[in-house]
Amino acid sequence: MKRIMKKILFIKSLTNIYTTEQVALDVLNNPVYDDNPLINKGSIERAFELYGEKLNPLNKNSIPAITDINLNIEGNFIAVNIPEIESVVINQTCTKESLHNLIAKHDDVTHIALSTYAIGMKNTIELIGTLQKEYSHIILYVGGIGAVYSQLQKIVPPTDLCIGEGVNFLRSKFGLSPLTRRDFKIPIIYGNNTNLPVSIKTAYMVTQLGCPYKCDFCITPNFYDYFPFSDALKIISFFENLINTRQKEIFVYLCDPNGFYPEKTWKKVFDYFIENRNNYDKQVFITVLASLEHINKFDLERIQKFSTIKLFGINYGIESTLYGGYMKNKNISQEVINRLNENGIIGFHTCIIGLPIHTKENIHVDIKNNCKMNSDIVSFNTFKPIPRTQIFKELEAQKRLFLDQVPHDFLYMEGYLPFNHPNLGFGFDILPYTFEAYYESELKLIDYYSNIADKLVTLHAISNSKKIKNAIWTLINLSQQNFESFSIRMPSSLSEQYQSKLIQIKSKIQKY
């Protein structure tokens with residue numbers, strides 16, 4: 001294959017993710033925001049008055065991030081699919097300061113592809129400004145979810161802004177023919193899996209772009225056309241390559257927006273690794289984003305017991321339980337989550353606070369309904385309207401948005417609404433409900449460390465994995481450390497339940 005004499009540098013822009021409580025306190029104590037009418041500090045004070053001493057100091061604004069935020073998954077994926085161009089992928093979030101060092105090191109770079117998000121918009125704008133001012137000889141292309149925001153559309157020429165699939169966008173820029181579905185490759189991208197407080201080297205995998213569902217809050221169906229480019233043979237080859245090149249158990253994070261599509265394709269994959277399980281001396285554990293409605297179509301019991309490829313964790317978005325919920329959870333009941341529990345699969349359950357359908361009354365109902373489900377982790381995220389989504393268009397028509405007026409880092413901030421909600425106010429008016437959700441979820445879960453350890457004991461009994469065994473003991477130690485804070489903040493009856501759970505888990509570990 002003849003290479004084109006150009007060189008492209010793939011970088012990404014994000015900021016560190018802090019707890020909601022810490023961000024709110026930083027805003028409250030920063031005089032810069034004293035006179036900003038969109039930063040209602042009184043709501044922050046009210047939230048801390050109600051829940052300040054009840055919240056776990058280890059609380060995160062969501063479940064621990066599943067992906068390694070420094071890993072440039074988009075850049076790695078695109079680079080593998082434009083092999084005609086020399087590429088360098090930077091697996092580190094880029095700042096204005098680090099940009100100078102990167103360009104000095106790669107002084108023959110002719111193009112830069114920048115992946116952007118709503119998170120870290122301030123940093124992204126600074127990066128783009130630096131590139132345009134100081135490195136105008138380098139051609140800059142900007143893509144990612146951040147590209148749908150007006151903040152970037154105002155400073156990047158439309159022809160250099162990629163809204164959607166990036167491979168063929170860049171191939172066209174270099175005069176290369178577009179790839180068909182059959183042509184797309186699945187690269188092996190290594191990083192850390194941070195969905196547990198245990199460092200596990202993980203292979204990140206992409207088998208499709210887009211999602212077959214069309215949830216009104218989600219940018220995915222408005223950003224990518226549904227594009228499953230992998231057949232069963234391609235996926236099987238990916239896993240066999242991992243198995244043949246790795247020395248130990250293998251952990252995979254499936255990056256697809258909604259995993260295990262097409263259904264027939266993945267059923268063929270699981271059947272293959274069940275029928276040929278005796279040919280492999282290593283096991284593969286998958287974490288995946290998937291809808292419960294879809295995952296319920298698979299024979300989880302057979303997969304966990306007999307397949308070389310087993311399910312480690314499933315991140316499912318319930319989002320809201322009101323008015324029948326979303327189509328991706330149609331006909332779903334607690335029994336589906338119970339199936340995950342019985343088969344040693346960690347359940348990462350996400351839901352949204354501050355949807356336009358929420359009122360001051362039903363938001364409490366939605367919080368309690370989500371907490372009733374027997375998931376291992378329940379994560380409440382603040383609703384953020386993303387351009388091009390259905391809800392965004394509705395709010396825009398109602399003139400409720402003020403995305404252009406808020407400071408850039410408030411566009412995707414947890415515990416903050418960058419719009420005037422029909423029933424709940426604006427800005428930090430949502431924060432008391434967010435804190436309520438955090439508190440209620442801890443009341444339900446009591447100790448998510450021991451919940452996950454319990455699940456991993458079941459998975460260890462099936463797999464006899466050394467890495468999973470080590471993870472169990474790390475979680476037990478964290479559970480014991482967390483108890484000191486829990487016993488101070490929570491009713492004594494719950495503290496007793498906490499200790500009882502921990503004793504039961506330790507006894508279960510000894511059994512296996």
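Colleague: Which residue does Arg489 form a salt bridge with?
Modeller: Bear in mind that this is a predicted model, where local features need pLDDT of at least 70, side-chain atom pairs count only at pLDDT 80 or more, and totals for chains, interfaces and linings use all residues. Residues are numbered from 1 along each chain as its sequence is written, and side-chain values use heavy atoms, with hydrogens and water left out. Take a salt bridge as a side-chain nitrogen of Lys or Arg within 4 Å of a carboxyl oxygen of Asp or Glu; with the closest N and O atoms 2.9 Å apart, the partner of Arg489 is Glu442.

Colleague: How many residues apart in sequence are the parts that Arg489 and Glu442 tie together?
Modeller: Look at the helices (DSSP runs of H or I, at least four residues, numbered from the N terminus). Arg489 sits in α18 (residues 466-489) and Glu442 in α16 (residues 431-445), so the parts this pair links are separated in sequence by 47 residues.

Colleague: Are Arg489 and Glu442 buried or exposed?
Modeller: Go by relative accessible area with a 1.4 Å probe, protein chains only: under 20% is buried, over 50% exposed, and in between partly exposed. On that scale, both Arg489 and Glu442 come out as buried.

Colleague: Which residues do salt bridges that share partners join into one network?
Modeller: One link there is the salt bridge between Lys297 and Glu293, with N and O 3.6 Å apart at the closest. Lys297 is partly exposed because its relative accessibility is 36%, and Glu293 is partly exposed at 22%. Through shared partners, the network takes in Glu263, Lys267, Glu293 and Lys297.

Colleague: What is the relative accessible area of Glu319?
Modeller: Glu319 meets Lys328 in a salt bridge, 2.8 Å from N to O. Lys328 is buried at 11%. Glu319 counts as buried too, because its relative accessible area is 8%.

Colleague: Which residue's backbone oxygen does the side chain of His294 reach?
Modeller: His294 lies in helix α11 (residues 292-295), and at 0% relative accessibility this residue counts as buried. Beyond neighbours within four places in sequence, its contacts (heavy atoms within 4.5 Å) include Tyr213, Gly259 and Glu263. At 2.6 Å, the His294 side chain reaches the backbone oxygen of Phe260.

Colleague: And overall, to how many salt bridges does the count come?
Modeller: Lys328 with Glu319 and Arg489 with Glu442 are among the pairs. By the rule given above, the count comes to 17.

Technical notes: Helices (H or I, at least four residues) and strands (E, at least two) are DSSP runs, numbered from the N terminus. A polar contact is a pair of N or O atoms within 3.5 Å; within protein, one must be able to donate a hydrogen and the other to accept it, and residues adjacent in sequence count only if both atoms are side-chain atoms.
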